[in-house]
Amino acid sequence: MTNPATDSTQAAQGGGAGNFARRFVSNTGPLLILVVLWILLMILSEPFRNPTTWGLLALEVAAIGVVSAGQTFVILTAGIDLSVEAMVSFAGVLAAILIAGTSIAGGQIANGLPSIIAIGVALAAGAGIGMFQGMLITLFRMNPLIVTLGFRSILLGVALVWTRGAGINILKDGPLSAITGVIRVGTFPIPVPFLIAIVVYFASWFVLKHTKFGRYTYAIGGNETAARLSGIRVDLVKATIYAISGFLAALGGIMVMGRLQSGAYQNGTNMTLASVAAVVIGGTSLSGGIGGIWGTLIGVAIIRIVEAGLVYLDVPSTAKEIVIGVIIVLAVLLDVIRRGEIPWLHLRRKPAA
Amino acid sequence: MRPGEVHALVGENGAGKSTLMKIVSGVYQADAGEISFKGQPVAFRNPRQAQDAGIVTIYQELNLVPYQSITENIFLGSELTRGRVALRWSDMHQQARELLAKLHLNVDPRTLVGELGVGKQQMVEVAKAIYHKADLIIMDEPTSSLSIREINDLFDIVRELKEQGVSVTYISHHLEEVFQISDRTTVLRDGQLIKTLPTPQLNVDSLIRLMVGRDLSEQFPKEVAPRGKEVLRVEDLNRGMTLRDINFSAYAGEVLGVAGLVGAGRTELVRAIFGADRIDSGRFYLDGEQITIKSSRDAVHHGIGLLTEDRKRQGLFLQMNVRENITMSVLERLTRGMVTNRKREATLSQEYIDSLAIKTSGQDQLAINLSGGTQQKVVLSKWLATEPRVLIFDEPTRGIDVGAKVEIYRMMNDLARQGVAIIMVSSELPEILGMSDRVMVVAGGRIRGFLDRAEASEERIMELATATDRQTIAEVLPDLVEERSSRPTAEQFNDKPSN
């Protein structure tokens, strides 16, 4: 038999180049898909060549993008936050009620608090509820899947009870108009929510890359026991991460509510699955510790472009759900393939001896 | 391999022992070459085929389902059925009982495997192998978590298997075991076969020379550093039934070896000191001042470090790179305001990469791609970066090849010379004897005695480590022990003619 060479020396020699290749693929793979989709749509669809369409697309990306950023943090620690879509609805409903000054649905009114205060309250509620979930998950060692699934029900339920199933319509005042407006750069319309999303992504990138909090996020996802034994306050970091997710989901909720000028319990529909899919498509592993924030942005863009593409290509909107479902399953397949966990594919990286 | 032969396979880590055996047992496929088994060329595509042909592998990490009974584990995947569906429970239990009896294992086959000790679990694996009518049993580091008594039991079984014409391939890092049990020995190095010799023609020195390909002046390069003042004192440490009345001190420049059998509470002891487990009571003093240790974080802050026995699961961040692993516990020091200073981080980790001669392609290499010994050095660097006063090594050289072991020992020497108090837990008595200035023997969760380097010997340690089981029982049930000791022992029983 030939050389069953030592894994360790092989790894030592080929490790650098191998890593680089692997990282290159997992970083540019999704980007490549995005570019291909973009070009495809440019060719196939006339309206897609119009910058206004791109602006609309950017607007679409904004809210789900912000939500997915929070989801990225959670999944990096090997957790999952299934409550985000409920938080989007809840925060929107809460802010809308505060602005309208009533929880009875009616015409567009603004008899309550100024929007800036309402937004502040909704964001704080998001962070607080997220923190509370994080504490349940860490202090009582409860399964994040179940805790956040429970809170999904609770938050949706509250939103439903408060609004009695109707949307609370509001009148936008200055600040709310500003953050849902459009800035023109030349002839190029850039929606403010998209700018906010970009700011969120840069901030997330900075936190993950340049702060110890970010390093701890990866460490906990990679090996929670080792993190604990290294003297890291694992519980605090994890609880904070659920607070971040809650906060960003609430911010996404404000964006949706502001755009629709209505706080309704359906505002967040499907955003949980979409956010998880975006994170996974973007290269973050569901088992934690591997991935990054820019991949998620690309993942969000891919999902939204596919959705938009379906519209522009006259696919009936009823079929949208099917396509999104397929994308999600494919994304998870991508995840296991990337991690080399399918034995019969022989992609498995040999463990170091 | 000859029939009825025990063939030892030795080599440093990464020499290709496990890879070779995985090819034989069908886990990996060979790129080229041929394996013949019982005169026939074979190429197993998966472990199941190898098993059907009569080759069974017992891995280092046992492949048993803890929540299922012994019977279920033995028959897993080849259950006896009536029709094709209904399980024949009574037949399976009966056969399992017979198999266990053959192995002198006196337990009900309905017992859950998870309730058995590691030694007995190993026996269940052997029973499984016998059930599959194995002609060749491959044992990969079977003794790594067994106590001395269990090892002896295992060896008895191996000898019996041998008499029945079963061949055993025995992979081990423990050279004494190789001499004890094997007929022939094959040495692998860097994926190549170095030599196959009848074991009696070898001795430890010549074997090590074959393994590392160079002379190893000594296995344990111990340098005795002057013992400084007390650094850490532990008083009245208690934790349930696992740790009781623990009182001891660790001194600067001293290597305190912690010896004891598996399950004696050694790991529990160091975890308790490190704040990894909750304790019922206990006081800790650092340099004479009382400190509180409620979490690992507290311990790290007070300058205590722990190299856990299970590097991969408890020490390393496999998907993070060398630099990130090294600086994990000192990020706070490297962070000003919110931002981590990357330059200082790189400088710091490079210092350790250089001073510990960490073999890596660069700071950005992922920990998962490093060899066992190198990984251990990375974990050690993480703790050295915290500038510890007390450094606890739990099984520091488990699964590490001979060459890297010596390097680790040298680092212990250096640390001791710098005045670090070292606590070293080890299951390997030669290591304890070779490296400790003082040995603390633990059994049944209690400290059973201290031995100075000069007076420590395997016999003295074992005496303290084993006598205690009875002592512990004696404290609770004095009558029972009295009655027991008046009974004939098992050996006396066996001497009588049996029917």
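This is a predicted model: local features need pLDDT of at least 70, side-chain atom pairs count only at pLDDT 80 or more; totals for chains, interfaces and linings use all residues.
Q: Which residue of S8(B) does Leu136(B) stand opposite?
A: Residues are numbered from 1 along each chain as its sequence is written, and chains are lettered from A and ligands numbered from 1 in the order in which they are written. Strand S7 (residues 136-140) and strand S8 (residues 167-171) of chain B pair (DSSP finds at least two bridges between the strands) in the parallel sense over five bridges. In S8(B), the residue opposite Leu136(B) is Ser167(B).

Q: At what angle does the direction of helix H1 of chain B stand to that of S7(B)?
A: Helices (H or I, at least four residues) and strands (E, at least two) are DSSP runs, numbered from the N terminus. Helix H1 (residues 17-24) of chain B packs on the sheet and touches strands S1 (6-10), S4, S7, S8 and S9 (184-189) of chain B, where a contact needs C-beta atoms, placed from the backbone, within 7 Å. Axes are lines fitted to C-alpha atoms, for helices over the stretch in contact, and angles run from 0 to 180 degrees between N-to-C directions. The direction of H1(B) makes with that of S7(B) an angle of about 150°.

Q: Which strands stand at the edges of the open sheet in chain B?
A: The sheet has six strands in the order S4-S7-S8-S1-S9-S10 of chain B, with mixed pairing. Two of them have a single partner strand each, so one side of each is left without a neighbour in the sheet; these edge strands are S4 (55-58) and S10 (192-198) of chain B.

Q: By how much are neighbouring strands of this sheet turned against each other on average?
A: The sheet in question is the open one formed by six strands of chain B. With direction ignored, its neighbouring strands are turned against each other on average by 20°.

Q: How many residues of S1(B) are buried?
A: A residue is buried if 20 or more other C-beta atoms, placed from the backbone, lie within 10 Å of its own, exposed if 12 or fewer, and partly exposed in between. In a regular strand the side chains alternate between the two faces of the sheet. In S1(B), Val6(B), Ala8(B) and Val10(B) are buried on one side, and His7(B) and Leu9(B) on the other. The buried residues of S1(B) are five of five.

Q: Is Lys133(B) buried or exposed?
A: Lys133(B) lies in the loop between helix H5 (118-131) and S7 of chain B. Its phi is positive, about 50°, although Lys133(B) is not a glycine. Most residues other than glycine have a negative phi. With 11 C-beta neighbours inside 10 Å, Lys133(B) counts as exposed.

Q: What phi does Glu387(B) have?
A: Glu387(B) sits in the loop between helix H15 (372-385) and strand S19 (390-394) of chain B. It is exposed, with 12 other C-beta atoms within 10 Å. Although not a glycine, Glu387(B) has a positive phi of about 50°.

Q: What distance does helix H16 of chain B reach from its first C-alpha to its last?
A: H16(B), residues 402-417, has 16 residues.

Q: How do H7(A) and H8(A) stand to each other?
A: The axes of helix H7 (residues 192-210) and helix H8 (residues 212-222) of chain A come within 5 Å and cross at roughly 75°. Angles under 35 degrees count as roughly parallel, over 145 as roughly antiparallel, 65 to 115 as roughly perpendicular and the rest as oblique. That makes H7(A), relative to H8(A), roughly perpendicular.

Q: Which element of chain B has the lowest mean pLDDT?
A: Chain B averages a pLDDT of 82, and 90% of its residues score at least 70. Over residues 468-499 of chain B the pLDDT is below 50, and this stretch has eleven contacts in the model beyond near neighbours in sequence. Among the elements of chain B, strand S20 (residues 421-425) has the highest mean, 95, and the lowest, 41, belongs to helix H20 (residues 490-495).

Note on methods: Two residues are in contact if their C-beta atoms, placed from the backbone, lie within 7 Å. The expected span of a helix is 1.5 Å times one less than its number of residues. pLDDT is the predictor's confidence in each residue, from 0 to 100.
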